[in-house]
Amino acid sequence: QLEEEEVDYQLLDELAADLFRRADRNNDGSLSHTEMKKLLKQHGVREKMNIASEADRKLPWQQFWKELDLDGDGDITLPEFQAFLRKHVGIARIMLPDLA
């Protein structure tokens with residue numbers, strides 16, 4: 001595992017909130033499976049994590065979703081999104097390029 005770097009979690013939360021609002025196409029305050037997949041694809045998260053095969057792609061999506069959807073209701077709320085990015089700083093750095 002990579003060395004733990006200093007992370008400005010307040011900045012992470014602010015950038016994540018901005019990204020979340022832009023990804024929430026129907027403005028219902030949560031991200032659906034479709035909205036979240038589009039967001040990951042837009043930022044090339046899978047490619048940058050070097051996930052190659054179709055089988056590999058399915059497994060990480062299920063893992064992503066399970067970790068994202070903390071309450072299991074089928075949608076991602078802003079606090080769930082922020083908690084996920086705080087836990088997975090590497091993914092946060094891919095999705096939030098302004099996170100220095």
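Leaving aside neighbours within four places in sequence, which residues is M95 in contact with? I put this to the model, which is a predicted one, and found that M95 is in contact with L19, M36, L39, L40, H43, V45, F81 and L85 once those sequence neighbours are set aside.

I then looked up the core. The largest nonpolar core has 26 residues, and M95 is listed among those with the most contacts inside it, together with M36, L39, F64, F81, L85 and L96. I noted that α1 (9-23), α2 (33-42), α4 (54-68), α5 (78-87) and α6 (89-95) each supply at least two residues of this core, and that the largest share, six residues, comes from α1.

Next I went through the chain as a whole. I count six helices and two strands, and from the N terminus on the elements run α-β-α-α-α-β-α-α. Of the 100 residues, 37% count as buried, while the accessible surface comes to about 6,500 Å², with 50% of it belonging to carbon and sulfur atoms. Among contacts with a separation of 6 or more, I find that 58% are accounted for by residues 24 or more positions apart.

Last, I checked D24, which lies in the loop between α1 and β1 (30-31). D24 is buried yet has no salt bridge, and the nearest side chain of opposite charge, that of R25, is 8.7 Å away. What I did find is that the side chain of D24 reaches the backbone nitrogen of D28 at 3.2 Å. Leaving aside neighbours within four places in sequence, D24 is in contact with G29, S30, L31 and E35.

Technical notes
Residues are numbered from 1 along each chain as its sequence is written. This is a predicted model: local features need pLDDT of at least 70, side-chain atom pairs count only at pLDDT 80 or more; totals for chains, interfaces and linings use all residues. Side-chain values use heavy atoms; hydrogens and water are left out. A nonpolar core is a set of buried Ala, Val, Leu, Ile, Met, Phe, Trp, Tyr and Cys residues joined through side-chain atoms within 4.5 Å. Buried means under 20% relative accessible area, exposed over 50%, partly exposed in between (1.4 Å probe, protein chains only). Helices (H or I, at least four residues) and strands (E, at least two) are DSSP runs, numbered from the N terminus. Contact means heavy atoms within 4.5 Å. Accessible areas come from the Shrake-Rupley method with a 1.4 Å probe; for residues, only the protein chains shown count as cover. Lys and Arg count as positive and Asp and Glu as negative; His and the chain ends are not counted. A salt bridge is a side-chain nitrogen of Lys or Arg within 4 Å of a carboxyl oxygen of Asp or Glu. A polar contact is a pair of N or O atoms within 3.5 Å; within protein, one must be able to donate a hydrogen and the other to accept it, and residues adjacent in sequence count only if both atoms are side-chain atoms.
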